[in-house]
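Please look through the sequence and the structure below before reading on.

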Amino acid sequence: MADFSVHWVFAFGVLGNIVSFFVFLSPLPTFCKMYKKNSTEGYQSIPYVVALFSAMLWIYYAFLKTNTTLLITINTFGCFVEIIYVGFYLFYASKEARVQTIKLLLLLVVGGFGAIVLVSQFLFEGAVRVQVVGWICLVCSLCVFVAPLCIVKQVIKTKSVEYMPFLLSVFLTLSAVMWFFYGLLLKDFNIAIPNVLGFIFGILQMVLYVMYYNKKEEEFVKEQNLPELKNHVIILHNDKKFPELSEEQIIEIVKLGSLISCTQKFDLALCLHENIAEDHKRLRKTLEI
């Protein structure tokens, strides 16, 4: 039975590594935009610095425990990728953004991580040290999973899913599922508990995406439809008698009216009548000749 559990731990750990690999690579399109436009375009460095800090914490926690090799592998890759992201950001960022990023790096990566290592090494020993570092990792992971709530709020407010890619939400949800079972089978609740929250927020993001994506499509279709005739007025002047317009002519008037700004005042019916009259005159001249 123990061997069976070990196999499942390994399976979920490998799957978690694969899914998390794609999650770590998900910001690549953002950095491609930075490269093409030679600017950070208002993007913030906070997510990448926090992700680097989180990955470093989990590596330290994994070294304090046993049988957590798969936790070390993916977070080592995460550290490597996030260092590249932060370096890339610093290269293209403005002077102000660069200074803020360096301050954040010093605060979290150097000061924060360094303090955790020193305090845990000198004040705690054995299982207590592992437990304290595990709690810190748990709190950090909860903060990382709560961060997308800002995006959720923006989606609800703007009714747009432009800044919430569906594939990223799917991968984050799958990652949470894999690491939850990995932690559960290892009986390590510091790994399992944060991923429950990650799964809930992942599902919430996908539901919102489906809701507002369909709404966006419906609004787009409505915008493409011709305006109803009842919203348009054909103005007549000088008590002139005009020939009765056919249905096709009325539709053409409506189309023209939709292209003209509402601030412009054109007598469409009069213009149409004058054009028809000119055509009749030309036809009469042709017949007389």
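A contact here means heavy atoms within 4.5 Å. With residues up to four places away in sequence left out, Thr40 touches Met34, Tyr89, Tyr92 and Ala93. Thr40 lies in the loop between helix 2 (28-37) and helix 3; helices (H or I, at least four residues) and strands (E, at least two) are DSSP runs, numbered from the N terminus. Thr40 has a relative accessibility of 7% and counts as buried, where buried means under 20% relative accessible area, exposed over 50%, and partly exposed in between, with a 1.4 Å probe and protein chains only.

The model is predicted, so local features need pLDDT of at least 70 and side-chain atom pairs count only at pLDDT 80 or more, while totals for chains, interfaces and linings use all residues. Residues are numbered from 1 along each chain as its sequence is written, and side-chain values use heavy atoms, with hydrogens and water left out.

The protein has 11 helices and zero strands. Of its 289 residues, 32% are buried. Among contacts between residues at least 6 apart in sequence, 74% join residues at least 24 apart.

Helix 1 (residues 2-25) holds Asn17. Is Asn17 buried or exposed? At 14% relative accessibility, Asn17 counts as buried. Its side chain makes a polar contact with the side chain of Thr73, at 2.7 Å. A polar contact is a pair of N or O atoms within 3.5 Å; within protein, one must be able to donate a hydrogen and the other to accept it, and residues adjacent in sequence count only if both atoms are side-chain atoms. A polar atom of the Asn17 side chain also lies 2.7 Å from the backbone oxygen of Gly13. Leaving out residues up to four places away in sequence, Asn17 touches Leu70, Thr73, Ile74 and Trp179.

Helix 5 can be checked by its length. Where are the buried residues of helix 5? They are Ala97, Thr101, Leu105, Val109, Phe113, Ile116 and Ser120. What covers them includes helix 3, helix 4 (69-92) and helix 6 (126-146).

The aromatic rings come next. A pair of aromatic rings is described by the distance of the centres and the angle of the planes. Rings of Phe, Tyr and Trp (its six-membered ring) pair if their centres lie within 6.5 Å; planes under 30 degrees apart count as stacked, over 60 as edge-to-face and the rest as tilted. By this rule there are 16 aromatic pairs. Why is the pair of Tyr60 and Phe113 edge-to-face? The ring centres of Tyr60 and Phe113 are 6.2 Å apart and the planes stand at 80 degrees, so the pair is edge-to-face. Because Tyr60 lies in helix 3 (residues 46-64) and Phe113 in helix 5 (residues 95-123), the pair ties together parts that are 53 residues apart in sequence. Tyr60 is buried, with a relative accessible area of 11%, and Phe113 counts as buried at 17%.

The rings of Phe91 and Tyr92 have centres 4.9 Å apart and planes at 85 degrees, so this pair is edge-to-face. Phe91 is exposed at 61% relative accessibility, whereas Tyr92 is buried at 12%. Phe91 and Tyr92 belong to one aromatic cluster, with Phe31, Tyr48, Tyr85 and Phe88.

How many disulfides does the structure hold? It holds zero, a disulfide being a pair of cysteine sulfur atoms within 2.5 Å. The closest cysteine sulfur to that of Cys137 is in Cys140, 7.1 Å away and therefore too far for a bond. Cys143 is in no disulfide either, as the nearest cysteine sulfur, that of Cys140, is 6.6 Å away. Cys137 is buried at 1% relative accessibility, while Cys143 is exposed at 51%.

Finally, Val210 is found in helix 9 (residues 189-224) and counts as partly exposed at 44% relative accessibility. Val210 and Val161 are 49 residues apart along the chain, and their C-alpha atoms are separated by 9.0 Å.
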